[in-house]
Amino acid sequence: MRTCRAATAGKLTAVLATLVLALAACGGGPSPRAWAASVCEALTPWRAEINKLTSSTQQQMTAQTTPAQAKENLVRLFAGAEDASETARRKIDQAGVPETENGEEISARFQASLGKVRDAYGRARDTIDGLGTGEATAFYDGVRTAVETLNKEYDASALDTSRLDSEELRQAFDEVPECR
């Protein structure tokens, strides 16, 4: 009796394992609409944070503060933007690969774009952190240069969702409420 039960249990385990593998191979990724919604849910707070940090940076550039105070504030602002970008990149990674043609490549491009933005903010933070504060004019010239470089790198890393390789995803980004 035990041998029969053991053999049956072994066969059942093998059948279940085969079924799980078959189901995993059949699909697995989120639908284009679900993936677009997840991406927009990741990007909405990121954009809000970047807008807030951009506004704060502009205020810092015109505020009557010492170079040391401005440096401390700008380093903190750019570190916040770097962290926000990594959080959004991680959330898109967690959204998985959309079940559409070129889904893996598209997901990777979104993540790479945010990785480049994250790195641009990190470089700007490091550049400003490395500036001396003894001479105000030299410090603010260095800040301007760092911000100009950041803007160029930021623009170069942009991902245009209207140029996606998937009509399904283009449509999903246009239609899902999370992206409006």
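**Close-up 1. Contact of helix α3 with helix α5 in the predicted model.** Pro67, Ala70, Lys71, Leu74 and Phe78 of α3 meet Ala136, Phe139, Tyr140, Val143, Val147 and Leu150 of α5. Sorted by class, the residues of this contact comprise 10 nonpolar, no polar and 1 charged. Helix α3, which spans residues 67-94, packs against α5 at an angle of about 15 degrees, and the two axes lie 10 Å apart. Because angles under 35 degrees count as roughly parallel, α3 is described as roughly parallel to α5. The crossing of these two helices is left-handed.

**Close-up 2. Packing of helix α4 against helix α5.** Here α4 (residues 103-129) and α5 (residues 136-156) pack at an angle of about 170 degrees, with 9 Å between their axes, and the two helices are therefore roughly antiparallel to each other. On the α4 side, the residues in the contact are Val117, Ala120, Tyr121, Arg123, Ala124, Thr127 and Ile128, and they meet Val143, Ala146, Leu150, Glu153 and Tyr154 of α5. The contact is made up of 9 nonpolar, 1 polar and 2 charged residues.

**Close-up 3. Buried and exposed faces of helix α6.** In α6, which runs over residues 167-175, the buried residues are Leu169, Ala172 and Phe173. They cover an arc of only 95 degrees around the helix axis, which means that they sit on the same side of α6. Helices α2 (32-62) and α4 are among the elements that cover these buried residues, whereas the face turned away from the buried side carries Glu167 and Asp174, which are exposed.

Notes: Residues are numbered from 1 along each chain as its sequence is written. This is a predicted model: local features need pLDDT of at least 70, side-chain atom pairs count only at pLDDT 80 or more; totals for chains, interfaces and linings use all residues. Side-chain values use heavy atoms; hydrogens and water are left out. Axes are lines fitted to C-alpha atoms, for helices over the stretch in contact, and angles run from 0 to 180 degrees between N-to-C directions. Helices (H or I, at least four residues) and strands (E, at least two) are DSSP runs, numbered from the N terminus. Angles under 35 degrees count as roughly parallel, over 145 as roughly antiparallel, 65 to 115 as roughly perpendicular and the rest as oblique. Contact means heavy atoms within 4.5 Å. Ala, Val, Leu, Ile, Met, Phe, Trp, Tyr, Cys and Pro count as nonpolar, Asp, Glu, Lys and Arg as charged, and the others, Gly among them, as polar. Buried means under 20% relative accessible area, exposed over 50%, partly exposed in between (1.4 Å probe, protein chains only). The arc is that of the directions from the helix axis to the C-beta atoms. A crossing is left-handed if the near helix is turned anticlockwise from the far one by less than a right angle, and right-handed if clockwise.
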